[in-house]
Amino acid sequence: MTNFILADNQELTAFALKTLIREHESATLHNATDKEQLVKQLQAEESSIVLLDYTLFNIEDEDQLLIIIERFPHAQWLMVSDDLTAPLMRKLVYTVRNVSIVFKDSPFKLFRHAIEYAIRGERYLCQRAAEVLICQQAEEEQHSKVLTHTEIEILRGVAQGKTTKEIAYERFSSVHTVNTHKKNIFRKLQVNTAHEAVKYAFRAGLVDPSEFYI
């Protein structure tokens, strides 16, 4: 028997998803209208399939969503939303293996496919989600190509938590030179702070998160 938890407070989408779930005779269906109900139902049946539009829930932010997903690794999560950002989708795809993604404007048959995949314990990405991820990766790779070797080395120093003065000392450069390089890095990566630059570099594979910290 497969236990489904429908966590979507948009009435029309919820009705369509219920119709698809009821196509499976062995399915049991529960509804969750907020984060607390969702967690309680997962505690009762951790191997549930969750169909969730978290943007309509009292989930505070993307980090809290990831914490809940990681807390219940035996569940299958089907993210159903039109408001998933590219960075969030990237996190979901690359940090957890039990999440599928379907946008609400997808054809009805794709929702059916996604549910069938979830029942088999497999991931499903609709074409639009896959295209968004591919485009973001291509954009980040393009940005990484425009950084010089020196800029990448300075960015690595920033990721290690080194000050501008320390980086300048190690590179036998002036503080002014290092600051100029940092400004060029920010401009090329289209970010405003060192924190954003380092996070961007991690996502683009310029630095290894296992070696450095933000």
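Which residue forms a salt bridge with R120? The partner is E122, and the closest N and O atoms are 3.5 Å apart. The views below come from a predicted model, in which local features need pLDDT of at least 70, side-chain atom pairs count only at pLDDT 80 or more, and totals for chains, interfaces and linings use all residues. Residues are numbered from 1 along each chain as its sequence is written, and side-chain values use heavy atoms, with hydrogens and water left out.

**View A. The salt bridge of R120 and E122.** A salt bridge is a side-chain nitrogen of Lys or Arg within 4 Å of a carboxyl oxygen of Asp or Glu. The structure holds nine salt bridges. R120 is partly exposed at 48% relative accessibility, and E122 is partly exposed at 34%. Buried means under 20% relative accessible area, exposed over 50%, and partly exposed in between (1.4 Å probe, protein chains only).

**View B. The salt bridge of K104 and D53.** The closest N and O atoms of this pair are 2.8 Å apart. K104 sits in the loop between β5 (99–102) and α5 (108–119), whereas D53 sits in the loop between β3 (49–52) and α3 (62–71), 51 residues apart. Helices (H or I, at least four residues) and strands (E, at least two) are DSSP runs, numbered from the N terminus. K104 is buried at 16% relative accessibility, and D53 is buried at 3%.

**View C. The salt bridge of D63 and K91.** The N to O distance is 3.8 Å. D63 belongs to helix α3 and K91 to helix α4 (residues 86–95), so the pair ties together parts 28 residues apart in sequence. D63 has a relative accessible area of 46% and is partly exposed; K91, at 33%, is also partly exposed.
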